[in-house]
Amino acid sequence: MSGLATIDPRVRLLATGGFALVVVGLGQPPALLAALALAVLAAVAARVRPGPTLRRLAALDGFMVFVLVLLPFSVPGEPVVTLAGHGASSEGLWRAADILLKSNAVALMVLALLGALEPVDLGHALARLRLPERFVLLFLFTVRSIALLGREYHRLRQAMRARGFIMRCDRHSWQSLGYLFGMMMVRSLDRSERTLAAMRCRGFTGRFPSLIEPRPVAARDHAFAALFLAAGLILIILEHP
Amino acid sequence: MAHIPDGVLSPPVLAAGAVVALAGCARGLKALEHERIPQVAMLSAVAFVASLVHFPVGPSSVHLILNGLIGMVLGWAAFPAILVALLLQAVLFGFGGLVALGVNATAMAVPALICRALFLAVARRGRQRLSVAAAGLAGGLGVLLTALLVAGALALSGREFADAAALVVVAHLPVMVIEAVVSAAAIGLLLRLRPEALLGPLLLTGLMLGGATPAEAHKLKVFATAEGASVTGRAYFSSGDRARQGEVTVTTPDGGLVARLPLGDDGGFRFEAGQRADLRIRVDGGDGHVALYTLPAAELPDALPAGVAAAPAAAAPAVIPAVPPDLGAIIERSVARQVRPLREQLDSWQDTLWMHDLLGGLGVIFGLGGLAYGLTARRRFAAGERT
């Protein structure tokens, strides 16, 4: 693993959040390009696997494709290209590029700094950042349950396939999936009761003492935070030359 | 799909979304007791897993949002649950921005709450078919409202987004139809199998077809022992919780009042038995919870006057000095105190044990019957083989 992996999750979380806040406020091309470069740098330092990461970014951009394609035509301005009678303005093109740069920079930074984090560690980091205890518990339990229920879903889908079910675009398929989800809910209701009984047995009163145990921030974490602050300052200086 | 990335929305919209999401989460977390956390987490995990399922539509495929379903099942707890799900999706898959998290959560959770209100308004009438139809409508409505909120957030961020906003709503129409059918099926199943999870135990009467008895789930029980002339006891629910409020009435078999006092905060009570008689202790815990316990006269010290007229509780302390503080009484009292928790536990077990006993007894009968049958069959088989 890279050096980034040893940084305290709290610091990584705060750094990512701060980065997102700064980037959203940017507007000048140099600053935005610098932000994207910073995110790429972080991704390289974190040694994220390029294939899956690029695919995720592509999915994100695919989601925005409506917004991005329509923008050059909906922002008023001087037409650069004319397509089927509608002029694409340079202002609109710039606006689309601005959104593309911002969203990809933030998403890449999130994947670089938090993507490799185990969700449970993220939950612990949230607890140490003093988020409400119940929220953190809900987060941790949800993470655990998603893993369990993902397996359960695949088992049930396999059983459906064994009975000759093929997913089509019709009412029958949707209804069958609805029953599948309903059945998963019924089972998880029962399962959560067993979980609760087991937790009660261990004296659960709504808190995990280990969650709020203080954990000191190491020197390297301070260095990392300082580095990020400096980067943020540079971005802001680039924005207001 | 409330997955607006960062960089699209304007600061005022982002701030408004964050404020609404914070307020909603605070309200949701307040309503979420820690005992319910595993349940809420699991149900929202079901929705999370379900929202990753591809539904083919023409050459492409769509994902469901399922916020209507989450809302109907979780109520106010849907707000923090949705925020958790969105945070996870942002971190795990890079879907949706970090700064836009508030807007995205609001766009999903507010429709969820509206769906819940609409669904409950219909479902409380107790007509199964109508409830399922309402669930379907609510499921579709959840998507429509989310799409409208996302479109609104876009349109408020700049006039140039107006076209894209309209497109967002149109693009969600197929999702709306699929989700209506899926929600109706899922909620229909839950209504049949676990109606109490959706409607709460009090609203069940119309839907229950007999069989389960939710009232049995927490029966009020009372237990008391005598330590010398004073009687201490406790009222508790069979689920193990202490009864918090209620009134204790103690009478003799012939109806004479011995004491009347309120229940302590821990469900305990204590009074002086002014006489030696079978004491009938009746605890009224409100909401129709009434528990009875009879303390046999044999447990009270011989020194007390037998079956005299009712002595008020206030006058009772005067009786204590009348008990001779001899060694026998002291031993009796301390033994009673030691044995008390055991007896209390036994009494609470008696309630839960009879079902096990019944099943165990049936099991033994079946087992012995099977053994006998097996042995005779073997003998017969062996005999048949020989001939």
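I take a nonpolar core to be a set of buried Ala, Val, Leu, Ile, Met, Phe, Trp, Tyr and Cys residues joined through side-chain atoms within 4.5 Å. The model I am reading is a predicted one.

Entry 1, the cores. I looked up the largest nonpolar core, which has 150 residues, and noted that the members touching the most others are A:Leu177, A:Phe181, A:Met184, B:Phe55, B:Leu74, B:Phe119 and B:Ile187. Helix α7 of chain A, residues 133-162, gives the most to this core, with 13 residues. I then followed B:Phe119 and, leaving aside residues up to four places away in sequence, found that B:Phe119 touches B:Met72, B:Ser131, B:Ala134, B:Ala135, B:Ile187, B:Leu198 and B:Leu199.

I traced an open sheet of 4 strands with antiparallel pairing, in the order β6-β5-β8-β9. Because β6 (257-262) and β9 (290-295) of chain B stand at the edges with a single partner strand each, one side of each is left without a neighbour in the sheet. From one strand to the next the twist averages 15°.

On one pairing, I found β5 (residues 247-251) and β8 (residues 279-284) of chain B joined in the antiparallel sense over 5 bridges, and B:Thr251 has B:Arg280 in β8(B) as its bridge partner. β5(B) also pairs with β6(B) in the antiparallel sense over 5 bridges, where B:Leu261 of β6(B) is the bridge partner of B:Val248. Which residue takes a positive phi in the hairpin of β5(B) and β6(B)? I found B:Gly255, with phi near 95°, in a hairpin that has 5 residues between the strands.

Terms used: Residues numbered from 1 in each chain as written. Chains lettered and ligands numbered in written order. Predicted model: local features only at pLDDT ≥ 70, side-chain atom pairs only at ≥ 80, totals over all residues. Heavy atoms only, no water. Pairing = 2+ DSSP bridges. Helix = DSSP H or I, 4+ residues; strand = E, 2+ residues; numbered from the N terminus. Axes fitted to C-alpha atoms, helices over the stretch in contact; angles between N-to-C directions. Buried < 20%, exposed > 50% of the residue type's maximum accessible area, 1.4 Å probe, protein only. Contact = heavy atoms within 4.5 Å.
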